[in-house]
Amino acid sequence: MDDRATMPRIAGPEDHVVVVGGGFSGALFAVNLMRHEGPRVTLIERRDRQLARGVAYSAAHPDHLLNVRAGNMSALPDDPDHFVRWLEAHGKGDRKTFVPRTTYGAYLRELLDATIAESDGRLVHVEGEVCAIDPVEDDGVALTMADGRKIAADTAVLALGNLPPHTPPGLKPDALPVGVYYADPWAADLATGLSAEDTVVLVGTGLTAIDAALLLDAQGFAGHILATSRRGLSPRRHVDGAPAHRGVSDKPQGGLTDLVRHVRARAAEEGWRCAVDELRPVTQMLWAAASQEVRGRFLRHLRPYWDVHRHRLAPAVADRVEALVATGRLTFAAGKIVSAEADGTQAKLTWRPRGETDPVVTRAVRIVNCTGPQGDLLRSEQPLVKHLLAASAIRPDPLRLGVDVDAQSRAIRADGTPDDRIHCIGPMTRGGLWEVVAVPDIRVQSWDLARRLSNAQWVGGEGL
């Protein structure tokens, strides 16, 4: 299937790059390679409907809005108004709009389709699943597809998105009646068969739980929704008309305690939104400078608080959530699941509220896993991940957040050495970068790697 021998040499040190995963990260990386006149690209994605959109934008309901204003959602770091122009041309809003995620998905797909059409065959999409990547003698890689096809390349870039959430502790789905446990919080039939007398339990209280609650409401569910997590924290809201702020240019000095003290002081002076947002330019530097011990302390004690303040709700979404809470249809609770067992066609969920000793029993018609994406490679059932681990081609980062990579996005082998033939981008590199789950971060990471593989480091424009 490889025709490198008959292809003219193109700009850049690599002749052929295969991108495994065609969601936001992979599609944007492929687009940037074309924009830098880089190597030819084969973009592999299992499902056409997820091409460019990924799970985040392909599984969204029209009521699911972006949690960032359109003005900061350009896919192109050197053209910050690209998405705004597209939005205005389609009559769908302006730079202050929190647009539906389905709209953003359409924008991304249109950008990718246009790039493919203009690439003269240098960017192609292959539908299928990669199950193995192996080195070859001439310093390239050989990819094996699930259907037996082989693809040879010089470099493979993993754009795996997020791993599916693990089953929450205390739950054994096989022990529950059929149709009670839902691993997919965006399932189209989430509310099917439910009545106003029923209770749905959402395991998790973050953005995924918000999506599930809104989806249940949109599908007509009028019963009670109980969202529970260890701390019971839910995302805060954006505010309209918030004053612009300038990000700090130098990272705050000191350890984790000093950083908490700094944020609290800034919150008292300028408000918590400013205190959090102004750290954006230096968050990756703070993470890079922290020891593994400090990173672990942050994840154990501060991450839930950071997440609910850092990743906020569009005002319209926050209004809907508050209305559900005010009418008693949605409850957020802090607690720990003890067990879940079959109770006729329902589940008897036993959980212990935080700070209490006596457990509470809730009878649920549906239990939905809203714990959010995970990154522990050792618990993944994906064939490609299992193959790469078994071949020692990749390794988990020390905190089990994803794939261990170096500063150039090269995968780190089991022996601790980087591999020039395998790179990784997107949320699965959060162990090394932390802030690499949102569009503003991923677009810069994709841009930087595309420049390196295209030998175009002289190009500017990533100053967002």
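**Exercise 1.** In what order do the 3 strands of the open sheet lie, and is the pairing parallel or antiparallel?

*Solution.* A quick note before we start: this is a predicted model, where local features need pLDDT of at least 70, side-chain atom pairs count only at pLDDT 80 or more, and totals for chains, interfaces and linings use all residues. Residues are numbered from 1 along each chain as its sequence is written, and side-chain values use heavy atoms, leaving out hydrogens and water.

Step 1: strands are DSSP runs (E, at least two residues), numbered from the N terminus, and two of them pair if DSSP finds at least two bridges between them.

Step 2: read off the order, β4-β5-β6, with antiparallel pairing.

Step 3: look for the edges. β4 (130–135) and β6 (150–153) each pair on one side only.

Step 4: check one pairing. Strand β5 (residues 141–145) is joined to β6 by 4 bridges, and Leu-143 sits opposite Ile-151 in β6.

**Exercise 2.** Find what kind of aromatic pair Phe-83 and Tyr-107 form.

*Solution.* Step 1: rings of Phe, Tyr and Trp (its six-membered ring) pair if their centres lie within 6.5 Å; planes under 30 degrees apart are stacked, over 60 edge-to-face, the rest tilted.

Step 2: the whole structure has 9 aromatic pairs. In this one, the centres are 4.6 Å apart with 50° between the planes, making it tilted.

Step 3: Phe-83 is in helix α3 (residues 82–89) and Tyr-107 in helix α4 (residues 101–117), so the pair ties together parts 24 residues apart in sequence. (Helices are DSSP runs of H or I, at least four residues.)

Step 4: Phe-83, at 0% relative accessibility, is buried (under 20% relative accessible area, 1.4 Å probe, protein chains only). Tyr-107 is buried too, at 1%.

Note on methods:
Buried < 20%, exposed > 50% of the residue type's maximum accessible area, 1.4 Å probe, protein only.
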